[in-house]
Amino acid sequence: MLSCRDEVLFLTNQLVNIESIVNSDGEKEISQAIYTLVSSFPYFIKNPTFVTKQKTIDDEQERYNVIAFVKGTKKKSDKTVILMGHMDTVGIDDFNQLKDKACYPEELMKALKTEDLPPMVENHLNSGDYLFGRGVLDMKSGVASHLYLLKYYSEHPEELEGNLLLVVECDEEDGSHGILSALKELKSLKDEHHFDYVAAINSDFVSPRYEGDVNRYIYKGTVGKLLPSFFITGAETHVGSCFEGIDPNFIAAELTKQISYNPELCNEAFGETTVPPVSLKQMDLKPTYTVQTALSAYVYYNFFIHSWSPKDVLSLLKEQAEIAFDNALKEFKSKYQQFSQASNQPYFEFPWKPRVFTYEEMNQLLIEEYGYEYVNHMSEFKEKLLLDTELDTRMFAARVVEEAWKWMSDRSPAIILFYSSLYSPRIEVTGKNEKEENLIHSLEQAITDIQPDYDYPIATRNFFPYISDMSFVALSDDEDGINAVSNNNPSWGTKHYVNYQDIRDINVPVINIGPYGFDAHKQYERMELKYSLEIVPNLTNNVIQNLLVSN
């Protein structure tokens with residue numbers, strides 16, 4: 001066992017003290033700090049080209065990745081293990097009056113002792129077994145573990161057969177510009193140094209799956225995440241004559257009722273099941289107050305996948321939208337009939353039928369009807385829309401759909417289904433090829449070796465359950481699945497673009513061995529010291545050694 005606790009704790013505190021909130025100047029500051037630290041190691045003073053501060057590509061923010069590698073001298077080998085982790089964090093507003101202490105664990109924990117805390121949080125605080133603060137769990141202690149191993153092997157290259165490459169990336173908490181940019185550098189290094197990437201080890205946080213769960217999990221592969229979005233049009237009317245039209249918010253409410261928390265939309269694979277989708281935004285698109293009902297509404301949902309492709313999800317959700325639309329019209333009819341009877345007014349049949357299109361279907365209809373005129377107009381519209389820097393990719397996509405809708409000959413109520421954000425691909429590591437088999441075997445051996453030194457069970461599962469940059473080092477989807485994303489994202493190629501070929505060029509199996517704790521992204525974020533500072537580095541090191549040893 002490596003005696004690493006004190007050094008990993010020191011590095012963790014050093015990183016946490018830098019407020020590196022995503023999309024802030026703190027990302028630049030921490031990348032410079034990490035680059036300066038690594039560059040100061042004697043190995044990198046001797047080999048300065050082996051460490052790089054890489055500016056992100058096609059990014060509205062100025063920020064950087066840090067990439068460094070050590071070449072082992074134990075035996076010449078091209079085998080290379082990638083260590084990866086992100087340096088950015090979510091914001092600190094949730095710390096409220098303790099906001100100024102959020103990045104200073106010792107000060108924060110001292111202040112928390114005077115607060116009224118939930119029982120478990122209070123117990124953890126008083127136990128001395130946990131470190132509190134923004135980023136301690138997600139995931140600066142994981143990055144510290146990787147930095148420790150990089151430093152160790154820079155000092156002991158004779159113990160390393162093959163190569164160790166570290167990627168500390170920015171922007172994991174938002175758009176993943178960091179890892180997507182790093183892929184190009186990884187490919188360049190692969191070509192220049194003949195690196196054979198055999199595995200990647202991420203070190204993002206792990207937590208209990210349910211109350212009372214004592215397992216410390218290691219994940220093979222990761223969940224995929226989509227943001228299916230719906231532009232919903234109604235029939236505008238004055239609110240004093242409400243049954244002469246239909247409010248798109250009414251349809252949107254029925255859609256959310258149909259989709260949110262729906263167990264039928266959980267994806268099971270290898271005995272593991274995703275959580276169901278849930279609404280992340282529901283709004284109408286009226287710019288100001290009027291006494292007219294809205295012309296359109298916009299909703300989107302978080303959607304996790306294990307084995308379904310983006311194409312599968314479109315098919316499933318189009319069916320769900322049709323059910324919701326039909327239910328909304330039935331409910332509308334029932335309420336209209338009840339009102340007509342109560343008010344002694346006549347009831348008139350309405351002309352609307354459920355209509356659901358994917359963006360690709362609507363776009364193709366309009367291309368066929370208007371040709372170049374439509375295509376040219378939409379291209380110019382997107383270029384102008386890019387000037388509005390306040391629009392994120394989700395609202396950008398909605399505005400594009402809204403504009404395209406104006407070209408429809410039949411503008412009776414409809415639902416348009418599309419994707420409006422980054423697709424984080426699912427990854428399966430099941431032993432389907434030699435690299436996956438070796439990684440699984442190396443991990444199992446590492447757990448067997450390390451478990452006797454830790455009191456709680458170390459268990460493996462197939463899918464890391466949170467969004468992470470693990471999604472961007474391998475690809476389980478085929479071309480049809482990826483095309484379903486690009487063809488149905490209205491911002492594709494302008495506001496948003498991912499070169500999935502870059503991922504295929506690296507295509508390395510990935511696991512997650514990360515710090516253990518509670519309340520990531522919350523005020524009481526904390527990590528368990530022994531597992532995070534001792535077990536994680538040693539498990540990771542054991543896997544590295546198992547992977548790189550000659551057969």
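Contact means heavy atoms within 4.5 Å. The views below show a predicted model.

View 1. Valine 549 is in contact with Lys79 and Glu161, leaving aside its neighbours within four places in sequence. Look for valine 549 in the segment after helix H16, which covers 529–548.

**View 2. The surface around valine 549.** Is valine 549 buried, partly exposed or exposed? Its relative accessibility is 42%. Partly exposed lies between under 20% for buried and over 50% for exposed. Valine 549 therefore counts as partly exposed.

**View 3. Valine 549 and tyrosine 261.** These two residues are 288 residues apart in sequence. In space, valine 549 and tyrosine 261 are 47 Å apart, C-alpha to C-alpha.

**View 4. The fold that surrounds these residues.** The protein has 16 helices and 20 strands. Its C-alpha trace spans about 85 × 55 × 40 Å along the principal axes. The radius of gyration is 26 Å. For 551 residues, a compact globule would have a value near 24 Å, so the two agree.

View 5. Of the 551 residues in the protein, 58% are buried. Consider contacts with a separation of 6 or more: residues 24 or more positions apart account for 79% of them.

**View 6. Charges.** How many positive and negative charges does the protein have? There are 50 positive and 84 negative charges.

Definitions and conventions: Residues numbered from 1 in each chain as written. Predicted model: local features only at pLDDT ≥ 70, side-chain atom pairs only at ≥ 80, totals over all residues. Heavy atoms only, no water. Helix = DSSP H or I, 4+ residues; strand = E, 2+ residues; numbered from the N terminus. Buried < 20%, exposed > 50% of the residue type's maximum accessible area, 1.4 Å probe, protein only. Rg over C-alpha atoms; globule rule 2.2 N^0.38 Å. Lys, Arg positive; Asp, Glu negative; His and termini not counted. Charge placed at Lys NZ, Arg CZ, Asp CG, Glu CD.
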